[in-house]
Amino acid sequence: MDIIISNILSPQFIYTILRVSTPLVFAAMAALVVRKSGIMCIAFEAMMLFAALGGVVGSAYTQNLFVGIVAGILSSVLIAVIFAYFVLVLKSNPVLTGLALNILGSGGTVFALFVLTGNKGTSSSLRSLRFPVVNIPIIEDIPVIGQIFSGHNSLTYVSLFTVLAVYILIYKTTLGLRIRSVGENPHAAESVGIKVVRTKVIALMIGGIIASFGGMYMSMGYLPFFTRDMVSGRGFIGIAAQNLGGGVPIYTLIAALFFGSADAISNVFQTLRIPAEFMQMLPYVVTIIGLMFVGSSNKDSKEKTKKIKEIKGETT
Amino acid sequence: MNVDEKINEYILVMEGITKIYDNGFVANKNIDLRVKKGEIHALIGENGAGKSTLMKVLFGQEQPEEGQIIYKGEPVSITNPLKALELGIGMVHQHFMLVPSLTVAENMVLGIEPKKRGLFDFDQAVKLTKEISHKYKLPIDPLAKVMDLPVGFKQRVEILKILLRGVDVLILDEPTAVLTPQETEELFVQLRELKKNGFTIIFISHKLNEIMALCDRVTILRDGRVTGIDDVENLNEKQISRMMVGRDVMLTIDKTAAKPKEKILEVKNLHYVDQYGKHVVKNVSFSVRKGEILGVAGVEGNGQREISNLISGLEGFQLGEILYKGNSVVNKSIRNLREQNISHISEDRMTFGTVSDATIEENLVSDRFYKKEFNKYWLFNNNYIKKHVNDLIKQYNVKCDSKDALIKTLSGGNMQKVVVAREFSLKPELVIANQPTRGIDVGSSEFIRNKLVDLRDDGAAVLLISADLTEIIEVSDSIAVMCEGQIVAYLNNQVHVSEEELGEYMLGLKVQTPQEIEKVMHYEES
C-alpha cells in the first residue's frame, strides 16, 4: 500500500497523467468544436484509429514525419467527410452513422494493416517514425516541476495549445460565432445568410483534424507502432469530457485530465496483484460516474434546492 | 395624378400570386397586394387564410406557381430570404431568429460580422448596435445576452437587426402575439417612429383593435383570396371581421350569471422555484367552485404556467397544498388525475397538447385508449374508436380530410379544436385551460370560449389562464391577476372590469392589499 501512495504522490505520477491524458484532450477538443456546431457525432474513435494507422503508414513509407502527419490528418478527415456527407447531405441518423463508422474504423484499419504488413495485430514490422520528445530548457532542471512538465512527447504540448486555440476559435473568431449560432439556432443563422451546412462541415473538418492528432499520438508517441483497436474508447471518453466540461474549453480540459488520472491510477495499481483487467476498467467506471454526476446536476440545481429551503424557513 | 405617379406610389406590388402546395392545398389564389411607400399596411385574416404563405412568397421562402412581384417599379424574382434582404425587404418572424446564448451585439451582426486582424471585432459590433439603436430611438443593451431579455426587447433586437441590414420594407408577422398591452403600445410608438423615418411596414395580425389603432390601409384575406382592401379609416371593426370570416363575429359571449356551487379546487400557499433558483410562484392561494370560471390574467411568464402544470401534475411538486375535492393532488399520476375528471389544455399545443406526427384519431384517443370500451379482447375495438372519433370531429367542427390526417398538417385553430375535443369530451369537473385560444383564428377562439361557458353551465369548474384580456373579461366570472408570481388582485367580474384596470394590475402599477383580496374572495364564498 505504501508503494502505491508514494507512487501517486510522486512527480512521476503527474507526469503520467499528462502523458495518458493527451489523446483524451485531443478527442475532447474535437468533440467540443463539433458539438458547438450542433452535430451529434460519435465517430471520433474511427477518426483517431484511421489517423493512428495513417500516420504510421505515411511516415514508414516515406521516412518523413511531416508526410506522416499529413497522411494521419487526411485519414481522419476522410472519416469526417464520410460522416458529413451521410449526416448533413443524405440526412441519415448521426448516431447510427457514427456507430457504423466506428465499426468501419476498427475493421478497416485491421484490414489495411493486414494488406500492408501481413500482420493483423501490430505494425511493428513497419519502420514508422515517432513524434520527438521535448525537453524544455531551464524548466527541465527545476526539481519536481521539471520532472512533471518537461520531457513529454511534443504532441502533449500541442494538445495543451489546442485548448487555447479552440478557445480562440470558438469565442474570438467570426467562424466560431457562426459555429455557435448554427449549433444553437440554425434558422436564425440561415435567416442572416449563414450557410448552415457549410459551417457544420467546416466544424466537422476541424474536429477531424484535432482528433487526428489524438490518434497519431497513440501510434507515434504513446506507443511506437499501431496495434488493432488501440484507441479503445478514448474517442468516447473525449465526448464524455466535453459533456462534463459543459462545452467550455478549460473545463473540458480539466475533465479530460480527470479521466486521464483514472487511467494513470489504473497503471499504478497494476503493480499490485489486483487483476489487470479490473484496473483497466477504472477509467470507464469513472467516466460513467462522471456522466451520472452531469446527469443528476441537470435534475435539481443547487440554486433551486437552496431557494426552496429558504422559503421553507420563512414559512415555518 | 398621371399613370406613372400612380405606379411609383406603390413600393411593393404582388400581382396574381397563386401558391399551391405539394399536397394540393391552394394557399393563395390570385392574390393582389399593393403596399404604398411609407405606410403601415395591415394584412389580416384568420389562421389558414394564406397570410403566412403570402409573406413566405414575398420573403423568398416559397416560390409561387403564378404571379409576379414588383418592387420599386421593377419586376423582381425573390428566390431566397437573402435575396429579399438584399432588395431591402426584412422580416421579423413570429419565432425569433435569435441565438439565445449570444449577446445582443453578436446577434445583431451575425452574418455580417466586423473583423479586426482576422478576429471577430466585438467592440465594433457593440458600436454598430449602439449607433443604430440611437438613430431609430430603440434603446437596447448591446452587452446583454439575448436569453436574459424580456420578449419585447428580443423583438426590438429583431427589428434593429433588419434595420442594420438597410431595409426599406419591414414585415412583422403577428408581432403583438407575445407582447403585453404596454409592450404593444410601446411597439406601436416605435413603428410610428419608423414610419416617420420613411420605412414601409407590413403588419400581420388578427387583432382588429390593433389594426384600427396603428395601420393606414388593410388587405383582408379569407380562404386564400383577397376579400377586401381599403383605408382603415373607411372601415370599422365589424366590417373587417365580416370580411375575414364572412359573417358577424359575436364580439361578446352570450352568458348568464354564474351559479357557483361547492369548492372543487383549492390551492393554498403554493410556491414554486425553477431550475435557476428563481422563485416563480410566491405563496399563491385561490379556489375554484363548480359552475364558475376563474380567470387568471397576467403577462406570460409570471407564474401562471407553473400553476397550471402543478395542478395538472406536469411539474414536480414543492411547497404548499393543492386540494381537488378535498384530496391532495400531490404525487398523483397524471392518469389518476384525468380519471378524476380533471382536463388540461396546455399552452403549448405542439409539445403537450398533441403529438404532431400522429393522426387526429390517435390524438383523440391518446388519453382513453386503455379503457374497456375502446378494446375488444386484447386488440383495439376499431369500429368503436372510429365512430367515437368521427363524432368528436363533427361535434367540434375540426376541418380535416379525414380522421387519419396528421396533426401537423392542420392549422393552429383546428389543431386546438382536436385538443379541446379530447379534453372536453372526458366530461370534466375541472378544466384547466391555459392560453386556450392563443394564436388561433377568431372563429375557433369563439367556439372554444363558448364551449368553456357551456361546460361551466353544466357544472364544471373552469380555471382559465390567459394573456388575452378580452378573453379573460368576456369569459370569466371572477378574475385573479398575477404579477411576478403573486396574485396582486382579485376582481369580481359580474360587471365587466376594464382592460385598462387589468393592465395596471398585470404590470404591477397597482396592487390590492391582502385585505382587499380577501374581501373579494370572501364575498365569493358567501
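This is a predicted model: local features need pLDDT of at least 70, side-chain atom pairs count only at pLDDT 80 or more; totals for chains, interfaces and linings use all residues.
1. **Contact between the chains.** Chain A puts 24 residues into the contact, and chain B puts 25. On the chain A side, α8 (174–184), α9 (186–191) and α14 (302–315) each bring at least two residues. The top contributor there is α14(A), with 8 residues. By class, this side of chain A holds 7 nonpolar, 9 polar and 8 charged residues.

2. **Overall build of chain B.** Chain B has 19 helices and 24 strands. Along the principal axes, its C-alpha atoms fill a box of roughly 70 × 55 × 50 Å.

3. **Burial and contact range in chain B.** Of the 526 residues, 44% count as buried. Take the contacts in chain B with a separation of 6 or more: 68% of them join residues 24 or more positions apart.

4. **A mixed sheet in chain B.** Six strands make an open sheet, in the order β6-β9-β10-β3-β11-β12. The pairing is mixed. The edges are β6 (89–92) and β12 (225–231) of chain B. Each edge strand has a single partner, so one side of each lacks a neighbour in the sheet. Ignoring direction, neighbouring strands are turned by 20° against each other on average.

5. **Inside that sheet.** Strands β3 (residues 40–45) and β11 (residues 217–222) of chain B run parallel and are joined by 5 bridges. B:Ala42 stands opposite B:Val218, a residue of β11(B).

6. **A helix across the sheet strands.** Helix α6 (residues 151–164) of chain B lies across β6 and β9 (169–173) of chain B. Against β6(B), the helix runs at about 170°.

7. **Positive phi at A:Ser232.** Most residues other than glycine have a negative phi. A:Ser232 is not a glycine, yet its phi is positive, about 30°. The residue sits in the loop between α10 (196–222) and α11 (234–244) of chain A.

8. **Positive phi at B:Glu174.** Here phi is near 40°, again positive in a residue other than glycine. B:Glu174 belongs to the loop between β9 and α7 (181–196) of chain B. With 18 C-beta neighbours inside 10 Å, B:Glu174 counts as partly exposed.

How values were computed. Residues are numbered from 1 along each chain as its sequence is written. Chains are lettered from A and ligands numbered from 1 in the order in which they are written. Two residues are in contact if their C-beta atoms, placed from the backbone, lie within 7 Å. Helices (H or I, at least four residues) and strands (E, at least two) are DSSP runs, numbered from the N terminus. Ala, Val, Leu, Ile, Met, Phe, Trp, Tyr, Cys and Pro count as nonpolar, Asp, Glu, Lys and Arg as charged, and the others, Gly among them, as polar. A residue is buried if 20 or more other C-beta atoms lie within 10 Å of its own, exposed if 12 or fewer, and partly exposed in between; C-beta atoms are placed from the backbone. Two strands pair if DSSP finds at least two bridges between them. Axes are lines fitted to C-alpha atoms, for helices over the stretch in contact, and angles run from 0 to 180 degrees between N-to-C directions.
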